[in-house]
Amino acid sequence: MKFKAIFSTITLGLALIFTFGFSMNVVEGKTDKNQKLQFNSNGKFKIVQFNDTQDDEDIDPRTVALMEKTLDEEKPDFVVINGDMIQGDVKNKKQVKKAIDNIAQPMEERGVKWAITFGNHDEDHTFKTGIDEEKMLDIYMSYEHNMNQPGPKGVTGTGNNSIEIRNSKNAKAAFNIWLFDSGRYAPDEVAGQDFKGYQTYDWLKTDQVEWYYETSKKLEKKNGYPVPSLAFMHIPLPEFEYMWFARPYQANQASHQEAIKKHNITGEKNECVCTGPFNSGMFSAMLERGDVKGVFAGHDHINTYVGDYYGIKLGYAGSTGFGAYGLGGEENNRLRGARVFTLDEKDKDVFVDTQMVFARDYGIE
């Protein structure tokens with residue numbers, strides 16, 4: 001009987017592994033909730049944003065090389081991969097796991113803490129693989145240095161999160177990082193009306209705005225002041241477009257020249273601000289709360305600009321992934337890169353500076 005029981009147990013275990021693949025290890029290896037971020041003894045902290053790595057299980061080696069070189073040169077304390085980590089060509093669970101391994105490896109090998117937000121392409125394979133955002137988040141959270149959490153229950157999206165960065169004395173929060181799931185695509189129609197003529201990407205929902213607003217207030221109450229922060233989401237807010245032209249309805253070169261001066265814009269815009277058809281008011285909520293110092297997106301691979309929009313920096317990071325579309329022609333890979341953020345707890349806003357670093361600067365073409 002003992003032999004039969006042991007055999008049955010082994011058989012059941014193998015069956016579960018065969019059925020669920022990697023999922024058992026994922027559950028066992030979930031991120032330690034006690035992991036903390038903290039400013040160093042000099043009061044400094046550095047963040048790197050990678051965006052749109054967007055490849056399959058056979059990742060372009062230049063993407064990994066760019067990530068590794070950026071980490072080695074910048075030595076960040078934290079990394080955000082801001083959406084569209086993998087694309088729809090993966091065919092099964094094993095390939096999904098391998099595609100994620102590819103982009104986790106640079107941080108994991110160096111012991112750098114990191115987190116992701118989801119983009120519009122991350123579930124493009126789900127109809128084939130059965131792996132949706134929640135299951136993918138379990139995979140991400142299984143890595144030793146990942147800091148994602150499932151996010152608040154009852155709030156739209158997967159992995160919406162708030163991550164505090166403690167000050168150098170570990171006494172209180174000096175800064176905060178907001179992670180938002182900006183969704184995928186607009187539905188076919190709303191109230192019997194389709195979206196023909198509109199951009200058909202998703203938008204942040206009212207419950208996400210409310211969650212941010214209430215959590216921001218709780219952080220202020222807990223720490224005694226509004227905690228300065230950066231927000232990361234894959235799909236840009238509509239205000240990214242407004243800022244580029246210094247007005248929402250007059251898109252021409254003259255208005256952009258005015259905007260450069262008014263909003264201190266630097267960087268390039270080579271395609272549309274591909275956002276959703278509705279403005280759900282997240283920027284207004286952030287403006288009212290006064291804690292968010294910058295909102296940074298990806299999604300539009302060949303936009304790299306950043307500006308100051310009424311006290312909140314709005315900016316892109318160009319595509320990190322060499323497997324995703326670029327500028328085309330001889331300049332196709334010119335804007336492949338990462339965005340670097342410098343924080344200093346002694347500065348009034350803590351958020352001091354941000355700049356792009358490019359693959360070409362590292363000799364990666």
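E10 and strand E12 (residues 312-316) pair in the parallel sense over four bridges. Strands are DSSP runs (E, at least two residues), numbered from the N terminus, and two of them pair if DSSP finds at least two bridges between them. The model is predicted: local features need pLDDT of at least 70, side-chain atom pairs count only at pLDDT 80 or more, and totals for chains, interfaces and linings use all residues. Residues are numbered from 1 along each chain as its sequence is written, and side-chain values use heavy atoms, with hydrogens and water left out.

**View A. Pairing of E10 with E12.** Phe 296 stands opposite Gly 315 in E12.

**View B. Pairing of E10 with E9.** Strand E9 (residues 229-232) runs parallel to E10, and four bridges join them. Leu 230 has Gly 294 in E10 as its bridge partner.

**View C. Burial of E10.** Strand E10 spans residues 292-297 and is mostly covered, with six of its six residues buried. Buried denotes under 20% relative accessible area, exposed over 50%, and partly exposed in between (1.4 Å probe, protein chains only).

**View D. The disulfide of Cys 272 and Cys 274.** One disulfide (a pair of cysteine sulfur atoms within 2.5 Å) is found in a search of the whole structure. This disulfide joins Cys 272 to Cys 274, with an S to S distance of 2.1 Å. The link is right-handed, with 80° about the S-S bond. Cys 272 counts as partly exposed because its relative accessibility is 36%, whereas Cys 274 counts as buried because its relative accessibility is 9%.
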